[in-house]
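Welcome! Have a look at the structure below, and then we will walk through a few of its parts together.

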Amino acid sequence: MFDKVLIANRGEIACRIARTCRKHGVATVGVYSSADRNAMHVTVMEETVRIGAAPSSESYLNIDALIKVALQTRVEAVHPGYGFLSENALFAEACENAGLVFIGPSPEAIRLMGSKGEAKRIMAEAGVPVLPGHTCIGQDDASLAASAGVVGYPVMVKPVAGGGGRGMRVVTRSDDLAEALKSARREAVSSFGDEALLIEKLVERPRHIEVQIFGDTHGNVVHLFERDCSIQRRHQKVVEEAPAPALDEDVRAGLLEASLTAAKAVGYVGAGTVEFLLAADGTAWFMEMNTRLQVEHPVTEQITGIDLVEWQLRVAAGEELPLRQEEILCNGHSIEARLYAEDPANDFAPGYGSVAYLDLPDETDMIRIDSGVRQSDEITVHYDPMVAKIIATGMDRDAACVTMSAALGRVRIAGPAANEKFLKAIVDHSEF
């Protein structure tokens, strides 16, 4: 384990990583932008350093500034969290060149699997079923239009880098492609600093199933079962759960095996997620691999009893995985709901401003709260307006649903509009 780590992120995930570091006696250095000087994550670190101005391009995406802070504060390793630079091979490379351990996969693995086009090529060669699509060399509108013609409409436009649903656009007609490309590029640059796009065949009304995998530097690779992330809005996950409900056991076994094949194909080290689209006919297609910790990782932690951030720290420090595959067990069912400052009654317009009042459910054996926002904190226009993740766990799915519904019913927030009633309506819905 390390003595001191830089957490190169903000908000909920920075607080969550700091919690595990504190548990294991690892000192933490946090960074903040001028907009985050009073943010919650600043208060949970042993040291904090201002990294730059409010725009993420001048702060949390500033590789040179982050490396400078890491060297000045004499940390041994850098944890990127999720989002921002977590899947940026140049950042991982910069850490290595500065003599720092990047808590994540190698720059090569990030390049191979972080690029959706390259990942699909590798998976196809490894025999993993790949979602039909086409990645062209040219990034001009004409080349991408030609790609869409090869795939056939309807298509999905996706950024080559990043994840989290950012920059994804559904296009049903060729006349709408140019505007979709323009908008997707703009969001991709803002979120990931990379405007490259790919074209993929749209699978309509699929289930989104992903498998958590973990590898170490000693050649060990395991899976930690799957999650269902099908409840989405604008291609961003809203409610996630583990294990996936109503999943055919043969399909489950195939997904888990394909995910291990994917990880072994690139000698994967660290936490990763292999994502699939499950079509209505039961066909599973590899979609992409996220080379980082996922927002929804708590549901996996709840059903396995494993702290994934602790495993990240241990693996990055050169240790073997703490458990073998046969020792990793799935117990119970866990559901996560993302509480956002957004107004469902106003086309989900993001909410900004001071959180005048915030009362979240108390944490119990069945309820976990991961948050980076407190009462009186400011939710700004510069970053994702997540308030908290509410995680409910039970002996089975019915119990988890009842616990989640009750937990969401206890949420009270004043200031920016929030989506707690929308989330409760989902969990209470008969089809869910």
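Strand 7 and strand 8 (residues 169-171) run antiparallel and pair over three bridges; two strands count as paired if DSSP finds at least two bridges between them. This is a predicted model, in which local features need pLDDT of at least 70, side-chain atom pairs count only at pLDDT 80 or more, and totals for chains, interfaces and linings use all residues. Residues are numbered from 1 along each chain as its sequence is written, and side-chain values use heavy atoms, leaving out hydrogens and water.

- Helices (H or I, at least four residues) and strands (E, at least two) are DSSP runs, numbered from the N terminus.
- V157 has R169 as its bridge partner in strand 8.
- Strand 7 is also joined by five bridges to strand 9 (residues 197-201), again antiparallel, and there V157 stands opposite I199.

**Helix 12**

- Helix 12 (residues 397-409) has 13 residues and reaches 18 Å from first C-alpha to last, close to the 18 Å expected (1.5 Å times one less than its number of residues).
- Its buried residues include A400, C401 and L408.
- At the N-terminal end, D396 caps helix 12, with a side-chain oxygen 3.3 Å from the backbone nitrogen of D398.

Key. Buried means under 20% relative accessible area, exposed over 50%, partly exposed in between (1.4 Å probe, protein chains only). A polar contact is a pair of N or O atoms within 3.5 Å; within protein, one must be able to donate a hydrogen and the other to accept it, and residues adjacent in sequence count only if both atoms are side-chain atoms.
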